[in-house]
Amino acid sequence: MGNLLRDKTVIISGATRGIGRAIALELAGEGADISFNYLRSDSEAKELEERIGGLGVRARAFKVDIRDFEAVRAWVDDTMESFGRIDVVINNAGITRDRALAFMQPQDWHDVINTNLNGTYNLTRATIVGLIKQRSGVIINISSISGIRGLPGQTNYSASKGAIIGFTKALAREVAPYNIRVNAVAPGFIETDMLREMGGDYRDRIVKYIPLNRPGNAEEVARVVRFLATDEARYITGQAIVIDGGMSLV
Ligand code: NAP
């Protein structure tokens, strides 16, 4: 266990599975208390609370839809009451609804934008004033290489993830005077439920385009997020760090 985040509180969206869960565990491993939300995975939320508690820090799970601004605001208020402060904000909750644009229904578009992009606005807006008042903080947004390169079948997802990078850069400039850093990470193909839902055939086809010849894993993303969350990265802001095994070079 490290102590780079001792006495700090991390608030993270969508931590019951995949990348969010790995980030929550990684940052708890540096001594941070963790407040996280999720939508459906009750048993996974309980298991994660217990697992983090076993590391000797505090964890609280909140069943809060990231699309609902008022509910997110109440989650942030509860977190402040429980932990007394928020230091690191991680916008991770995200979904895909892949379909060629010619077949994409308004619901597919709105679900993805509301979760990925508006969810990022909701949690950041609900925490930013507190960070400004304390004159310190770190915000890390989980984008995707899909938001940089664009992937066919993902116009909705690429739009949401590209917008998150624009949001990251604009906010980084806005809040730098308050000693708040804002960065994004842009993972490539990471072995999680999201990737598994795309099917084995798709996975095999994609791996051919990855110079390091395999998908990444959630822990490999979490380690970069840990670096950005700590003072080790104190001179880095407004960046989107690609974690993709070289895929975006090809
Ligand atoms: P995942 O395994 O599908 O997990 C998604 C998490 O988000 C779950 O904890 C889920 O909660 C939560 N969530 C979804 N909708 C929510 C909502 N409306 N309100 C609250 N929580 C919600 O996904 P992942 O692969 O770990 O992806 C995490 C992030 O990384 C996403 O932003 C994704 O776009 C990004 N990313 C992933 C990859 C990849 O290859 N996997 C690549 C690049 C970027 P429940 O379990 O309760 O539903």
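A polar contact is a pair of N or O atoms within 3.5 Å; within protein, one must be able to donate a hydrogen and the other to accept it, and residues adjacent in sequence count only if both atoms are side-chain atoms. The model is predicted, so local features need pLDDT of at least 70 and side-chain atom pairs count only at pLDDT 80 or more, while totals for chains, interfaces and linings use all residues. Residues are numbered from 1 along each chain as its sequence is written, and side-chain values use heavy atoms, with hydrogens and water left out.

**Ligand site**

| Residue | Protein atom | Distance to a ligand oxygen atom |
|---|---|---|
| Tyr157 | polar side-chain atom | 2.5 Å |
| Lys161 | polar side-chain atom | 2.8 Å |
| Ile190 | backbone N or O atom | 2.8 Å |

On its own the ligand has 910 Å² of accessible area (Shrake-Rupley method, 1.4 Å probe), and the protein covers 96% of this. Around the ligand are 32 residues (a heavy atom within 4 Å), of which Thr16, Arg40, Ser41, Tyr157 and Thr192 come nearest.

**Thr192**

Thr192 is located in the loop that joins β6 (180-187) to α7 (193-196); helices (H or I, at least four residues) and strands (E, at least two) are DSSP runs numbered from the N terminus. Leaving aside residues up to four places away in sequence, Thr192 touches Gly18 and Ile19 (heavy atoms within 4.5 Å).

**Leu249**

Leu249 lies in the segment after β7 (240-243). With a relative accessible area of 74%, Leu249 is exposed (over 50%).

How values were computed:
Buried < 20%, exposed > 50% of the residue type's maximum accessible area, 1.4 Å probe, protein only.
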